[in-house]
Amino acid sequence: MLSAHRLKLTNTLTRAKEDFEPEDAGNVRMYVCGPTVYDYAHIGNARPVVVFDVLFRLLRHLYGQDHVTYVRNITDVDDKINARALRDYPDLPLNDAIARVTGKTADQFHADVKALGCLAPTHEPRATAHIGGMIEMIGTLIAKGHAYEAEGEVLFDTGSMPAYGELSKRNLEDQKAGARIAVDAHKKNPGDFVLWKLSSEDEPGWDSPWGRGRPGWHIECSVMSAHHLGPVFDIHGGGLDLIFPHHENEIAQSCCAHGTKLMARYWLHNGFLQVEGEKMSKSLGNFITLHDLLETEKVGGRPWPGMAIRLVLLMTQYRQPLDFTEKALEEAEGLLQRWDDLINRAGVQPAAATLPPEALVEALCDDLNTPRAIAALHGLAREARGGDAAAAQTLADALGFLGFDLSEIRAAVEAVQEAAADPELMAKVDARIAERLAFIEAKDWGEADRIRAELADAGVVLKDGKDPATGKRVTTWELAQ
């Protein structure tokens, strides 16, 4: 049933915040670009997954759970996958090696995003299951004069589409001026892109009218979205980095193949993510995967709850740049612990059938204004802290609506409480902390690090800080989750 709330979304296509009007309120359709499964998903990959999970939840609330179709693809044919398969499984036939890489990586992705509280999409198509559809669409584009063969490739002719560049606002003439002729000699236009390329014997390939080969990157999303959602659908989402060339090229393929003016009516893009104020890169040593955060001690010397990661990703409005920091993780975890404590003391639990509070829905309907939504949660927490049991219940319901499962937060707190109830353990840990602080005072960092490592091996995580009253260094500890 349609809610009275009016959803507004910022449409990249028009660069304006618009009222959302689905083509069919009985079947609201959304497509989001998913992972290329050659390696662990990094924290930047997680942002669109969490952002569009919240939008999926909101759309189901506004239009009804059975009236929203969410498609998120998996790219399982890609040159990076081929390279990883050859590196990791050199003794296996290529197809078997590729299956190992994509299967293992897809399973890890699913486990990671589940830990972040994300619902499964309605459909999760894999590129390799739609090769036939890609070959058919490429044939249609050739027949309509929008694609051509050249030097073993099939290329899209960007000059055949006057509206090319409308999403990214890139001018085709500007691309020509900056092109390197030697590289693009076989292209009609410098911006023309690959739809199909031939495969060598040691590369995966499928038979086609243009020879044994494999698809270009962009064609897969045009085919999979049309298969599940039709030639024109409501929302297409992804990261800001996908606007050009990926999403621009999707539009070109889809509109020219289907003869439509639009592919998607609303285009939503989340902002870039940095780590500790810097662009994430392996060369800087700040490249963080979800697996790193959830299962290892790479960040802060400990694993982190998925719910804390989710909250950090939602503390900033999705269109804005986000700085992912260890301090933000600590603050998010502490906030969730305090909220869980309020809910637990009130003796309430999320009620699945209960409607979320109006203030929360209103905030999300304003272009997914999650900071405003979190502010509404703070308001409920203040009321619950004053003894309002109804506010505690509403807080629990609101957190559940936003995808937060506080059980893992509660388990971590209970583990610390259990440790605190063991005087012998407390005495041993406190003694080692005092010994470490003495080494720090003496600037013997090697011995201080050795004690931290020994305690970590024993499942004790140290947190260094300062006493706000005295300014002196203090160290607290907890058991690893």
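Biologist: Why are α10 and α13 oblique to each other?

Modeller: Two packed helices are described by the angle between their axes and the distance between the axes. Here helix α10 (residues 326-346) and α13 pack at an angle of about 130°, with their axes 9 Å apart. Axes are lines fitted to C-alpha atoms, for helices over the stretch in contact, and angles run from 0 to 180 degrees between N-to-C directions. Angles under 35 degrees count as roughly parallel, over 145 as roughly antiparallel, 65 to 115 as roughly perpendicular and the rest as oblique, so α10 and α13 are oblique. Helices (H or I, at least four residues) and strands (E, at least two) are DSSP runs numbered from the N terminus. This is a predicted model, in which local features need pLDDT of at least 70 and side-chain atom pairs count only at pLDDT 80 or more, while totals for chains, interfaces and linings use all residues. Residues are numbered from 1 along each chain as its sequence is written, and side-chain values use heavy atoms, with hydrogens and water left out.

Biologist: Which residues in α10 meet which residues in α13?

Modeller: Trp339, Leu342, Ile343 and Ala346 of α10 are in contact (heavy atoms within 4.5 Å) with Ala392, Leu395, Ala396 and Leu399 of α13. By class, this contact has eight nonpolar, no polar and no charged residues. Ala, Val, Leu, Ile, Met, Phe, Trp, Tyr, Cys and Pro count as nonpolar, Asp, Glu, Lys and Arg as charged, and the others, Gly among them, as polar. The crossing of α10 and α13 is left-handed, a term used if the near helix is turned anticlockwise from the far one by less than a right angle, with right-handed used if clockwise.

Biologist: At what angle do α9 and α10 pack?

Modeller: Helix α9 (residues 306-314) and α10 pack at about 110°, and their axes are 8 Å apart. That makes α9 roughly perpendicular to α10. α9 passes α10 in a right-handed crossing. From α9, Met307, Ala308, Ile309, Leu311 and Val312 meet Ala328, Leu329, Ala332, Glu333, Leu335 and Leu336 of α10. These residues divide into ten nonpolar, no polar and one charged.

Biologist: How do I read the pair α4 and α7 in the same way?

Modeller: The axes of helix α4 (residues 131-143) and helix α7 (residues 243-258) come within 9 Å and cross at roughly 70°. That makes α4 roughly perpendicular to α7. The crossing of these two helices is left-handed. Met137, Thr140 and Leu141 of α4 meet Gln253, Cys256, Ala257 and His258 of α7. By class, the α4 contact with α7 has four nonpolar, three polar and no charged residues.

Biologist: Which peptide bond is cis?

Modeller: Most residues other than glycine have a negative phi, and most peptide bonds are trans. The bond from Phe244 to Pro245 is cis, with omega near 5°. Pro245 is found in helix α7.

Biologist: Which residues in α11 are buried?

Modeller: In helix α11 (residues 358-365), Leu360, Val361, Ala363, Leu364 and Cys365 are buried. They pack against β1 (8-11), α1 (43-63), α12 (370-385) and α13 (389-401).

Biologist: What does Asp53 touch?

Modeller: Asp53 sits in helix α1 and is buried, with a relative accessible area of 1%. Leaving out residues up to four places away in sequence, Asp53 touches Gly117, Cys118, Leu119 and Arg310.

Biologist: Where is Phe324?

Modeller: Phe324 is in strand β13 (residues 322-324). At 2% relative accessibility, Phe324 counts as buried. Not counting residues up to four places away in sequence, Phe324 touches residues including Ile43, Glu276, Ile309 and Leu329.

Biologist: Which residues does the 'HIGH' region annotation cover?

Modeller: The unreviewed UniProt entry places this short sequence motif at residues 35-45. UniProt positions are given in the numbering used here, feature names are shortened, and annotations may be inferred rather than shown by experiment. In the model, the end C-alpha atoms of residues 35-45 lie 8 Å apart, and the span is 27% helix and 0% strand.

Key: Buried < 20%, exposed > 50% of the residue type's maximum accessible area, 1.4 Å probe, protein only.
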